[in-house]
Amino acid sequence: MASSKASRLGEEYVWRTRMDKVNAELVVLTYGAMVAQLCKDFDSDYVKVNQQLDKMGYNIGLRLIEDYLAKSNTFKRCSNFRETAEMIAKVGFKIFLNITPTITNWTSDGKQFSLVFDENPFADFVELPDDGRAQDELWYSNILCGVLRGALEMVQMQVEAKFVSDVLRGNDTTEMRISLIRYIDDELPPEDD
Amino acid sequence: MAHLGPGKTASSKEQTGLRYPSNGKTIYHRPLNRTKTAELSQSSFAYLFSEMVTYAQRRVTGIQELEKRLNVQGHPIGLKLLDLLLMREPPRTQTRPLTIIALLHFIKINLWTHLFGRQADRLEKSSNPDTPDEYMIVDNEPVVNAYISVPREMSQLNCAAFVAGIIEGVCDGAMFPARVTAHSVGGKEEGEMWPGKTVFLVKFQPEILEREALLGKS
């Protein structure tokens with residue numbers, strides 16, 4: 001208990017002192033403008049919008065992991081997936097988005113868990129289009145799934161991340177399900193002597 | 001035919017039927033000022049913005065078109081911020097800006113402070129007598145460009161076109177229709193104090209100046 005409290009203070013410290021900050025509404029509105037643009041470009045084909053958001057998130061994740069390693073005080077590799085989950089929720093989300101989603105619903109093999117978002121800054125000011133489809137098809141914050149997928153891939157974990165409920169769809173919680181597919185073996189680049 | 005009635009009501013229900021969570025986390029239940037002073041990391045903005053620019057870049061053929069696209073994406077944000085920021089003002093200063101100068105001050109002070117945590121650096125009127133409809137808002141170091149390096153062959157590009165779009169949205173929303181563009185004016189020599197200096201050129205439509213002149217006389 002004591003150690004976990006100390007580490008929580010650590011993340012708070014990183015967030016307060018090491019991260020440059022901007023007004024949250026600038027980020028939120030920019031994200032909203034982006035999603036709106038995608039809905040327009042893909043002619044409200046929300047399945048494609050989800051895919052594109054995931055792809056953009058993936059690109060972000062590939063680069064974000066370095067930022068994460070540099071800013072957070074985590075020098076050692078996570079010894080198991082449970083530890084990885086803790087670091088994602090308590091350090092990753094904290095220092096970039098200043099939220100700490102709850103980790104829950106572990107499967108018994110320890111390879112799948114859920115992140116439940118009590119707060120989702122991206123969803124502020126948002127209401128999905130009332131076209132009878134958006135609430136069933138669009139995962140508004142899907143970019144976050146891509147970010148996790150990209151970032152974890154860079155540290156040798158292949159995961160699948162997807163939202164299973166969203167307050168914007170009328171659900172009572174916003175929940176993301178993350179499954180570990182495999183650990184990627186270190187592969188030497190070809191012809192690297 | 002008998003089943004048509006109930007079927008019809010069901011479909012009309014769907015048309016107006018957004019579902020809402022029972023815990024009240026909706027835009028209607030939450031105070032509008034809840035996130036007024038909330039902060040997020042600048043990295044999260046930088047990542048998003050860079051993806052936005054990269055995505056836009058793949059769908060255009062030239063720099064002008066890219067800037068136009070960024071501008072268009074900023075526009076609705078400006079429209080909404082005008083209302084949001086005025087609503088948050090104390091009641092006696094809640095009126096919409098009614099003159100060009102009041103509007104530009106609103107942008108330089110309120111809009112900038114809200115979005116970027118500081119005022120814009122300067123406000124200028126065009127000194128050229130041929131273009132009395134042009135005003136300039138100067139930002140020495142735009143936040144949005146902080147992590148963007150423009151390749152040499154695209155040196156014309158200024159991604160703050162997105163912010164220009166926001167400004168344009170504010171102007172249009174306040175009934176001062178204008179075209180706003182972003183231009184890099186920072187010198188490229190070494191030792192230059194503000195290499196990223198950007199001028200937002202606000203060009204009002206002619207009828208705005210006519211209206212302003214009429215109002216000034218009365």
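This is a predicted model: local features need pLDDT of at least 70, side-chain atom pairs count only at pLDDT 80 or more; totals for chains, interfaces and linings use all residues.
Let us begin with helix 6 of chain A, residues 143–153, which lies across strand 4 and strand 5 of that chain. Its direction runs at about 165 degrees to strand 4 of chain A.

In chain A, 4 strands form an open sheet with antiparallel pairing, in the order 2-3-5-4. Which strands stand at the edges? They are strand 2, residues 102–104, and strand 4, residues 157–165, each of which pairs on one side only. On average, and with direction ignored, neighbouring strands here are turned by 25 degrees against each other.

Helix 4 of chain A packs on this sheet as well, where it touches strands 2, 3, 4 and 5 of chain A. The direction of helix 4 makes about 155 degrees with that of strand 2 of chain A. Strand 2 itself is joined to strand 3 of chain A, residues 112–117, by 3 bridges, and the two run antiparallel. Within strand 3 of chain A, the residue opposite Thr102(A) is Val116(A).

Taking chain A as a whole, its secondary structure comprises 6 helices and 5 strands. Along the sequence, these follow the pattern α-β-α-α-α-β-β-α-α-β-β. The radius of gyration of chain A is 17 Å, close to the 16 Å that the globule rule gives for 193 residues, so chain A is as compact as a globular protein of that length. Along the principal axes, its C-alpha atoms fill a box of roughly 50 × 45 × 35 Å.

Let us move to chain B. Here too, 4 strands form an open sheet in the order 2-3-5-4, with antiparallel pairing. Strand 2, residues 122–125, and strand 4, residues 178–184, of chain B each have a single partner strand, so one side of each is left without a neighbour in the sheet. Neighbouring strands of this sheet are turned by 20 degrees against each other on average, direction ignored.

In chain B, 4 bridges hold the antiparallel pairing of strand 2 with strand 3, residues 134–139. One residue pair to look for is Glu124(B) with its bridge partner in strand 3 of chain B, Met136(B). Two helices should be noted here. Helix 4 of chain B, residues 100–116, lies across strands 2, 3 and 5 of chain B and runs at about 15 degrees to strand 3. Helix 5 of chain B, residues 161–173, packs on the sheet by touching strand 4 and strand 5, and its direction makes about 155 degrees with that of strand 4 of chain B.

My last topic is how the two chains meet. In total, 37 residues of chain A are in contact with 34 residues of chain B. Strand 1, helix 2, helix 3 and helix 4 of chain A each supply at least two residues of the side that touches chain B. Which of the elements of chain A gives the most to that side? It is helix 2 of chain A, with 10 residues. By class, the side of chain A that touches chain B has 19 nonpolar, 9 polar and 9 charged residues.

Helix 2 of chain A, residues 24–41, packs against helix 2 of chain B, residues 42–58, at an angle of about 20 degrees, with the axes 10 Å apart. That angle makes the two helices roughly parallel. They pass each other in a left-handed crossing. From chain A, the contact is made by Leu26(A), Val27(A), Thr30(A), Tyr31(A) and Met34(A); from chain B, by Ser44(B), Phe45(B), Leu48(B), Phe49(B) and Met52(B).

Strand 1 of chain A and strand 1 of chain B, residues 39–41, run antiparallel and are joined by 3 bridges. There, the bridge partner of Asn23(A) is Glu39(B).

Terms used: Residues are numbered from 1 along each chain as its sequence is written. Chains are lettered from A and ligands numbered from 1 in the order in which they are written. Axes are lines fitted to C-alpha atoms, for helices over the stretch in contact, and angles run from 0 to 180 degrees between N-to-C directions. Angles under 35 degrees count as roughly parallel, over 145 as roughly antiparallel, 65 to 115 as roughly perpendicular and the rest as oblique. A crossing is left-handed if the near helix is turned anticlockwise from the far one by less than a right angle, and right-handed if clockwise. Two residues are in contact if their C-beta atoms, placed from the backbone, lie within 7 Å. Ala, Val, Leu, Ile, Met, Phe, Trp, Tyr, Cys and Pro count as nonpolar, Asp, Glu, Lys and Arg as charged, and the others, Gly among them, as polar. Two strands pair if DSSP finds at least two bridges between them. The radius of gyration is taken over C-alpha atoms; the globule rule is 2.2 Å times the number of residues to the power 0.38.
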